[in-house]
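Good morning, and thank you for coming. I would ask you to look at the sequence and the model on the screen while I speak.

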Amino acid sequence: MKFLSVLLLLSASAFGQEGIPNNVGTGLLPPGLVGETYDAIKQSRIEALQHMVQAMEARYQEGLDDVIRVMHADEELAIAKLDATNVKQERLDTIEEVMRSALLRWQRIVELQKVGGRGGDRASESTTRAAVYRYRNMWLKEKSAGRTQPNTNGLAKSKLEGIPQDVGTGLLPSGLDGDAGVEAIELVRLDALQQAVNAARSRFENGLENINHLCKSQEQLVIARLETTDVTQERLDLIQEALSSALLAWQRAKELQRVGASGGDSATEALTRAAVFRYRVLWLKEKAAESPASEQEGIPQEFGTGLLPPGLVGDSTIDVIQKSRIDVLQEAVSALQSRNDEGLDSISQLLDAQLELTTARLDAADAKQERMDLIQESLRTALLTWQRVKELQRVGARGGDAGSEAQAKAAVFRYRSMWFKEKAG
C-alpha cells in the first residue's frame with residue numbers, strides 16, 4: 001500500500017507546475033521541466049549532464065578547464081544514471097562506462113607527466129587514479145549485491161571481469177588487478193586520495209589553485225575514511241583531523257586576506273570557514289551518539305596561528321554551528337555571484353557553493369514542507385542562474401558558453417529531481 005501511495009502521489013504531482021517557482025526572472029524555463037513525470041525529469045537531468053560532460057571535456061581538451069572538474073561531472077552523471085534504474089546489468093554497465101572514462105583520463109595525465117606537459121600535475125593524477133579505484137569498488141559491490149551467498153570481498157567471477165579491456169594505452173593503475181577485492185582496492189584508493197589532498201593543498205598555498213579543489217579533495221578523503229570504520233573514537237579522530245586541515249586552510253586564507261594576496265578573497269575565506277563549521281558539526285553529531293561534548297572538546301588547541309573562526313568555541317550547540325555554517329555559505333554564494341557577474345570566476349564554483357548551501361540548509365531542517373520549500377528556493381536560484389547564462393549566450397558575451405549553459409541547466413534539473421524525491425518521501 002505504501003508503494004501504491006507513493007505512485008499515486010507522484011502521478012498527482014507530476015504534471016503542471018507544482019514545485020516550480022512562478023514568475024522567475026525572464027520566465028524562461030528549460031525544455032522538459034514542466035508537465036513531466038519524475039522518471040521523465042530524471043532522464044532530462046541525465047541528458048543535461050551528458051551535455052555538461054561533453055562541453056567540459058571539450059574545454060579540458062582545449063586547456064580551458066581542468067580534469068578534476070570533468071571528473072566531478074562524470075561522477076554526477078554516473079550517479080544520476082544509477083538513480084534512474086534498478087536493473088543490475090544496466091547498473092554494472094553504467095559503472096564500467098564511467099570507469100572507462102576515468103581510465104582514459106588517468107592515462108592521458110600519466111602521458112602528460114612523462115613529457116612535462118600542462119595538466120600532468122600530481123593533484124590531477126592522484127584524483128583521477130582515486131576515481132578509477134572508486135568505480136572498480138562500486139562495480140564489485142554491485143556485482144555481489146543480492147547474492148544468496150554474497151561474496152563479502154566483492155570478487156568478480158574472473159580476474160578482469162568488469163575492468164574495461166583495450167582502453168587507451170592499456171596502462172592500469174597499480175593495485176587494479178583481478179586478485180584485488182574491495183578492501184585491498186579501498187586501501188590504495190585512500191592512499192591516492194591522501195596524495196590528492198596533499199597536492200591540492202600545495203597548489204592552493206602556492207597560489208596555483210582555488211580553494212574549491214582542496215575542499216572537495218578533503219571531503220572525499222574524509223568520507224572514504226569514515227566508511228572504513230564503525231569505531232566511534234576512530235571516527236572522531238578522523239573528523240578532528242579533517243577539522244585541523246580545514247582550520248589550517250582558513251588560517252592561510254585569513255593571512256592572505258590580511259596582506260591582500262591572491263587567495264585571500266572573501267569567497268575563499270568564507271568557503272574555508274564553512275568547511276571548519278561543517279567538520280565541527282560532524283564531530284558533535286558523532287560525539288552525541290556516545291556522550292555530550294564539553295565546550296572545546298574536539299577542537300585542536302594551539303593549532304597553526306591559533307586563530308579560530310568566531311562562534312566555533314564556547315556554548316555552541318549543533319544547531320548554533322549549523323546556523324553559522326549556513327550564514328557563512330550565504331556569504332560565499334554572494335561573493336561568488338559577484339565575481340561571476342564581473343567575469344572573474346567560472347560558473348562551476350558558484351554552482352558548487354549553491355549546492356553546498358542547499359545541503360547545509362536541508363541538514364538543519366526536519367519538517368517535510370520546510371525541506372520542500374528550501375529545495376524550491378534553490379530551484380528558483382538555479383533558474384535565475386541559467387536564465388542569466390542564456391542571456392549571455394544570446395548576446396555572445398563571456399560566460400555564455402555551452403559548458404556554462406549545460407552546467408546551469410543540469411543544476412535546475414538536479415533541484416527539480418530533489419523536489420520530487422522529497423515530495424514522495
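Predicted model: local features only at pLDDT ≥ 70, side-chain atom pairs only at ≥ 80, totals over all residues.

Let us begin with helix 8, which covers residues 232–259, and helix 9, which covers residues 266–288. How far apart are their axes, and at what angle do the two helices pack? The axes lie 8 Å apart, and the angle is about 160 degrees. An angle over 145 degrees counts as roughly antiparallel, and helix 8 and helix 9 are therefore roughly antiparallel to each other. Their crossing is left-handed. In the contact of helix 8 with helix 9 there are 14 nonpolar residues, together with 6 polar and 7 charged ones.

The second pair consists of helix 11, residues 347–363, and helix 12, residues 368–395. Here the axes come within 10 Å and cross at roughly 170 degrees. Helix 11 and helix 12 are therefore also described as roughly antiparallel to each other. Which residues meet in this pair? From helix 11 the contributors are Ile347, Leu351, Gln354, Thr358, Arg361 and Leu362. On the side of helix 12 they meet Arg371, Leu374, Ile375, Glu377, Ser378, Thr381, Thr385 and Val389. Sorted by class, this contact of helix 11 with helix 12 holds 6 nonpolar, 5 polar and 3 charged residues.

The largest cavity has a volume of about 30 Å³, and its lining is formed by Lys42, Arg45, Ile46, Ala80, Asp83 and Ser417. The largest share, 3 residues, belongs to helix 2. By class, the lining of the largest cavity comprises 2 nonpolar, 1 polar and 3 charged residues.

Finally, the second largest pocket contains about 660 Å³ of space. Its lining has 28 residues, and those nearest its centre are Leu344, Asp345, Ser346, Ile347 and Arg398. At least two lining residues each come from helix 10 (318–341), helix 11, helix 12 and helix 13 (402–424). Helix 12 supplies the largest share, 4 residues. The lining of the second largest pocket divides into 6 nonpolar, 11 polar and 11 charged residues.

Thank you for your attention.

Note on methods:
Residues numbered from 1 in each chain as written. Heavy atoms only, no water. Axes fitted to C-alpha atoms, helices over the stretch in contact; angles between N-to-C directions. Parallel < 35°, antiparallel > 145°, perpendicular 65-115°, else oblique. Contact = heavy atoms within 4.5 Å. Nonpolar A, V, L, I, M, F, W, Y, C, P; charged D, E, K, R; others polar. Left-handed = near helix turned anticlockwise from the far one by under 90°. 1 Å grid on protein atoms, 1.4 Å probe; cavity = no way out; pocket = protein on both sides within 12 Å on 5 of 7 lines; lining within 4 Å. Points joined across faces, edges and corners; volume = space filled by probe spheres on them.
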